[in-house]
Amino acid sequence: MEIFRIAAVALITAFCAILLRDIKSELSVMVAFAGGLIVLLSVVNYFAGIFSVISSIAKRAGLATSVVTLLFKVIAVGYIAEFSSSMIDEAGLPSLADKVTLAAKLIIVSSSLPTVVKLFEFIAGMLS
């Protein structure tokens, strides 16, 4: 099972980062970043599978592809922001990490606005 390999990489990364934290804190952050990147790259194929399943469900349900695309953009922005923010926070820069999180939220809202407007127009049309 792949989760054992991922967990092993994460545990080894954490152990190395903790050992290096006292010796060379800069190197500790880089080790943690590299380990996190390896874990993320290990699961990229799962994203493709999830994308195809959700796309086929959306087609059967008659959802517009723009809605599915928006869903995946929001998920991607969220995961990238979470990964980046936690790495920046681990590097000792929590203020910058908060700004990455804020930027991600603004990007998500901005990307979602056209769909929200269409939704409100649809509701208004049903009410009139």
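Accessible areas were computed by the Shrake-Rupley method with a 1.4 Å probe, and for residues only the protein chains shown count as cover. On this basis the accessible surface of the protein chain comes to about 9400 Å², of which 75% belongs to carbon and sulfur atoms. The model is predicted, and local features need pLDDT of at least 70, side-chain atom pairs count only at pLDDT 80 or more, and totals for chains, interfaces and linings use all residues. Residues are numbered from 1 along each chain as its sequence is written, and side-chain values use heavy atoms, with hydrogens and water left out.

The protein chain contains five helices and zero strands, in the order α-α-α-α-α along the sequence. Helices (H or I, at least four residues) and strands (E, at least two) are DSSP runs numbered from the N terminus. The radius of gyration of the protein chain is 20 Å, whereas a compact globule of 128 residues would have a value near 14 Å; the radius is taken over C-alpha atoms, and the globule rule is 2.2 Å times the number of residues to the power 0.38. Along the principal axes, the C-alpha atoms fill a box of roughly 70 × 40 × 15 Å. Of the 128 residues, 17% count as buried, where buried means under 20% relative accessible area, exposed over 50%, and partly exposed in between (1.4 Å probe, protein chains only). Among contacts (heavy atoms within 4.5 Å) between residues at least 6 apart in sequence, 51% join residues at least 24 apart.

I6, T13, A17 and L20 are the buried residues of α1. Seen down the axis of α1, these residues fall within an arc of 75°, so they line one face of the helix; the arc is that of the directions from the helix axis to the C-beta atoms. Helix α2 is included in what covers the buried residues of α1. On the other side of α1, F4, L11, I12, F15, I18 and D22 are exposed.

L40 belongs to helix α2 (residues 25-42) and is partly exposed, with a relative accessible area of 33%. The C-alpha atoms of L40 and F122, which are 82 residues apart along the chain, are separated by 38 Å. In helix α3 (residues 44-61) lies S55, which is buried at a relative accessible area of 16%. The side chain of S55 reaches the backbone oxygen of F51 at 2.8 Å.

Terms used. A polar contact is a pair of N or O atoms within 3.5 Å; within protein, one must be able to donate a hydrogen and the other to accept it, and residues adjacent in sequence count only if both atoms are side-chain atoms.
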